[in-house]
Amino acid sequence: VCPGVTYNVTFEILRNDLGASSEYVEAVYVYESAANGIGSSLGTCNPDGDDYDCTFFKCDGLTRTYTPTTSELTLRIDLVGHSHDCDCDMETWVCTKEDTVRS
């Protein structure tokens with residue numbers, strides 16, 4: 001990121017064991033790495049779909065305009081009831097049900 005440049009921050013989460021109502025994004029934080037404290041959360045998100053959808057869900061309403069004063073940001077996501085049900089190719093971001101594709 002570039003200091004002094006304003007960014008529109010939006011948030012998407014992988015539908016990876018987030019199918020039940022008890023499995024959700026509790027909080028999303030974007031803050032400057034050198035800052036004291038983490039600031040306020042962008043909010044919560046409860047994706048629809050199945051634990052094994054392995055697709056990305058746009059969390060509507062989790063947006064913020066942010067103008068950093070340094071070149072480093074920290075992103076933090078707090079999840080409730082989450083585990084590993086999807087495997088993703090980190091180059092293409094194509095994701096599939098856990099253990100269904102050989103590496």
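Which cysteine forms a disulfide with cysteine 88, and how far apart are their sulfur atoms? The partner is cysteine 95, and the two sulfur atoms are 2.0 Å apart. This is a predicted model, in which local features need pLDDT of at least 70, side-chain atom pairs count only at pLDDT 80 or more, and totals for chains, interfaces and linings use all residues. Residues are numbered from 1 along each chain as its sequence is written, and side-chain values use heavy atoms, with hydrogens and water left out.

**Disulfides**

- A disulfide here is a pair of cysteine sulfur atoms within 2.5 Å. The count by this rule is three.
- With the bonded cysteines of the protein chain numbered in sequence order, the pairing reads 1-3, 2-4, 5-6.
- Cysteine 45 bonds to cysteine 59, with 2.1 Å between the sulfur atoms. Cysteine 45 sits in the loop between β3 (24-32) and β4, and cysteine 59 in the loop between β4 and β5 (64-66), so the link ties together parts 14 residues apart in sequence. Strands are DSSP runs (E, at least two residues), numbered from the N terminus.
- The S-S torsion of cysteine 45 and cysteine 59 is about -85 degrees, so this disulfide is left-handed. Both cysteine 45 and cysteine 59 are buried. Buried means under 20% relative accessible area, exposed means over 50%, and partly exposed lies in between (1.4 Å probe, protein chains only).
- Cysteine 54 is joined to cysteine 86, S to S 2.1 Å. This pair links distant parts of the chain, 32 residues apart: cysteine 54 is in the loop between β3 and β4, and cysteine 86 is in strand β7 (residues 86-88).
- The torsion about the S-S bond of cysteine 54 and cysteine 86 is about -90 degrees, so this link is left-handed. Cysteine 54 and cysteine 86 are buried.
- The link of cysteine 88 and cysteine 95 is right-handed, with 110 degrees about the S-S bond. Cysteine 88 is partly exposed at 27% relative accessible area, whereas cysteine 95 is buried at 12%.

**Salt bridges**

- A salt bridge is a side-chain nitrogen of Lys or Arg within 4 Å of a carboxyl oxygen of Asp or Glu. This rule gives three salt bridges.
- Aspartate 48 and arginine 15 meet at 2.8 Å, N to O. They connect distant parts of the chain, 33 residues apart: aspartate 48 is in the loop between β3 and β4, and arginine 15 is in the loop between β2 (12-14) and β3.
- Aspartate 48 is partly exposed at 46% relative accessibility, but arginine 15 is buried at 13%.
- Arginine 15 also forms a salt bridge with aspartate 53, at 4.0 Å, N to O. Aspartate 53 lies in the loop between β3 and β4 and arginine 15 in the loop between β2 and β3, so the bridge ties together parts 38 residues apart in sequence.
- Aspartate 53 is partly exposed, at 33% relative accessibility.
- Arginine 76 bridges to aspartate 78, with the closest N and O atoms 2.9 Å apart. Arginine 76 is partly exposed, with a relative accessible area of 32%.
- Shared partners join Arg15, Asp48 and Asp53 into one salt-bridge network.

- Aspartate 78 is in strand β6 (residues 73-80). Its relative accessible area is 18%, so aspartate 78 counts as buried.
- Contact means heavy atoms within 4.5 Å. Leaving aside neighbours within four places in sequence, aspartate 78 is in contact with Tyr24, Val25, Glu26, Ala27 and Tyr29.
- Aspartate 85 is in the loop between β6 and β7. Aspartate 85 is buried, with a relative accessible area of 8%.
- Beyond neighbours within four places in sequence, aspartate 85 is in contact with Asn16, Asp17, Asp51, Tyr52, Cys54, Thr96, Lys97 and Glu98.
- Aspartate 85 and aspartate 53 are 32 residues apart in sequence, and their C-alpha atoms are 9.1 Å apart in space.

**Nonpolar surface patch**

- Phe56, Met90 and Trp93 make a nonpolar surface patch of about 350 Å². Patches take residues with over 30% relative accessible area and no salt bridge; like charges are joined within 9 Å, and nonpolar side chains (Val, Leu, Ile, Met, Phe, Trp, Tyr) within 5 Å. Accessible areas come from the Shrake-Rupley method with a 1.4 Å probe, and for residues only the protein chains shown count as cover.
- Phenylalanine 56 lies in strand β4 (residues 56-58). At 36% relative accessibility, phenylalanine 56 is partly exposed.

Terms used. Helices (H or I, at least four residues) and strands (E, at least two) are DSSP runs, numbered from the N terminus.
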